[in-house]
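Trainee: I have a model open on my screen and would like to learn how to read it. Could you walk me through a few features?

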Amino acid sequence: MKIEQYCVGEVATNCYFLINDETKEMLVIDPGDSAKMLAEKIRQKNLNPQAVLLTHGHFDHAMGAEELAEIFGIKIYAHEAEKSTLEQPGRNVSSMIGRGESYHADVFVTDKEVLKLAGMEIQVLHTPGHTEGGCCYYLEQEKVLFSGDTLFCQSVGRTDFPGGSMSKIVRSIKEKLLVLPDDVKVYPGHMDLTTIGGERTGNPFL
């Protein structure tokens, strides 16, 4: 397994390529912008996209998803509780940048569901707090977690947008993420990589 990181959009969102080294199948996590650039990177590397995974529906994570999915004929996945956030500009906060866009997912997943995509097993962890249907994607064998805007390096996601709740995000992190092994690598939606152990001992919000 290989992970590549691309910083996209006006608020520096981390988009990730999750690549199966053996088959060249891959998943795109949170393509928040720059769909054409991401598509060109995929072609240059001769990769075979299987799906787009969204951690949540805010514009800076979802804006490039539909275009990328159309280019490669693949489906977009999101948590079932995130449908209204995706669809409503006031909730996906695209209205804040004057775009007023609506997004969608083709497949709605549930908490603890295990996705078998690109030759990998990925567990969905529903982590409300940043948004109502925010989720993280956990690869147990590889000890990798894609945390979206739930957990950051020494911080947590902001909770002042529609559907946000500080009590919920802290509970989500403590009950769903801090129970994972300390050496799990955390790939967040913004800023630097971290580990579960590092956040357990050093995150001031927890």
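This is a predicted model: local features need pLDDT of at least 70, side-chain atom pairs count only at pLDDT 80 or more; totals for chains, interfaces and linings use all residues.

Trainee: Then let me start with pockets. Which residues lie nearest the centre of the largest pocket?

Mentor: A pocket is an open set of grid points, and its lining residues have an atom within 4 Å of a point. In the largest pocket, Val11, Asp60, Arg158, Phe161 and His190 lie nearest the centre, out of 13 lining residues. The space inside is about 250 Å³. Sorted by class, the lining has seven nonpolar, three polar and three charged residues.

Trainee: And the second largest pocket: which element gives the largest share of its lining?

Mentor: That is S8, with four residues. Strand S8 (120–126) and strand S9 (135–139) are the elements that each give two or more residues to this lining. By class, seven of the lining residues are nonpolar, four are polar and three are charged.

Trainee: How many cavities of 30 Å³ or more does a search of the whole structure find?

Mentor: A cavity differs from a pocket in that the probe fits but cannot get out. The search finds one of 30 Å³ or more. The largest cavity holds about 40 Å³ of space. Its lining includes Thr55, His56, His130 and Asp149, and by class the lining has one nonpolar, eight polar and one charged residue.

Trainee: What about a helix? Which residues of H3 are buried?

Mentor: In helix H3 (residues 65–72), they are Ala65, Leu68 and Ala69. Looking down the axis of H3, these buried residues fall within an arc of 100°, so they line one face of the helix. They pack against strand S3 (25–29), helix H1 (35–44), strand S4 (48–53), helix H2 (59–62) and strand S5 (75–79). After H3 comes glycine 73, with a positive phi near 65°.

Trainee: Lastly, aromatic rings. How many aromatic pairs does the structure hold?

Mentor: Four. One of them joins tyrosine 16 and phenylalanine 146, a tilted pair with 5.3 Å centre to centre and 55° between the planes. Tyrosine 16 sits in strand S2 (residues 13–19) and phenylalanine 146 in strand S10 (residues 144–148), 130 residues apart, and the pair links these distant parts of the chain.

Trainee: Why is the pair of phenylalanine 146 and tyrosine 187 called tilted?

Mentor: Planes under 30 degrees apart count as stacked, over 60 as edge-to-face, and the rest as tilted. The planes of phenylalanine 146 and tyrosine 187 are at 35°, so this pair is tilted, with ring centres 5.4 Å apart. Tyrosine 187 belongs to strand S13 (residues 185–188), 41 residues from phenylalanine 146. Phenylalanine 146 is buried, at a relative accessible area of 1%, and tyrosine 187 is buried at 12%.

Notes: Residues are numbered from 1 along each chain as its sequence is written. Side-chain values use heavy atoms; hydrogens and water are left out. On a 1 Å grid over the protein atoms alone, a cavity is a set of points where a 1.4 Å probe fits but cannot get out, and a pocket is an open set with protein on both sides within 12 Å along at least five of seven lines; lining residues have an atom within 4 Å of a point. Grid points are joined across faces, edges and corners, and a volume is the space filled by probe spheres set on the points. Ala, Val, Leu, Ile, Met, Phe, Trp, Tyr, Cys and Pro count as nonpolar, Asp, Glu, Lys and Arg as charged, and the others, Gly among them, as polar. Buried means under 20% relative accessible area, exposed over 50%, partly exposed in between (1.4 Å probe, protein chains only). The arc is that of the directions from the helix axis to the C-beta atoms. Contact means heavy atoms within 4.5 Å. Rings of Phe, Tyr and Trp (its six-membered ring) pair if their centres lie within 6.5 Å; planes under 30 degrees apart count as stacked, over 60 as edge-to-face and the rest as tilted.
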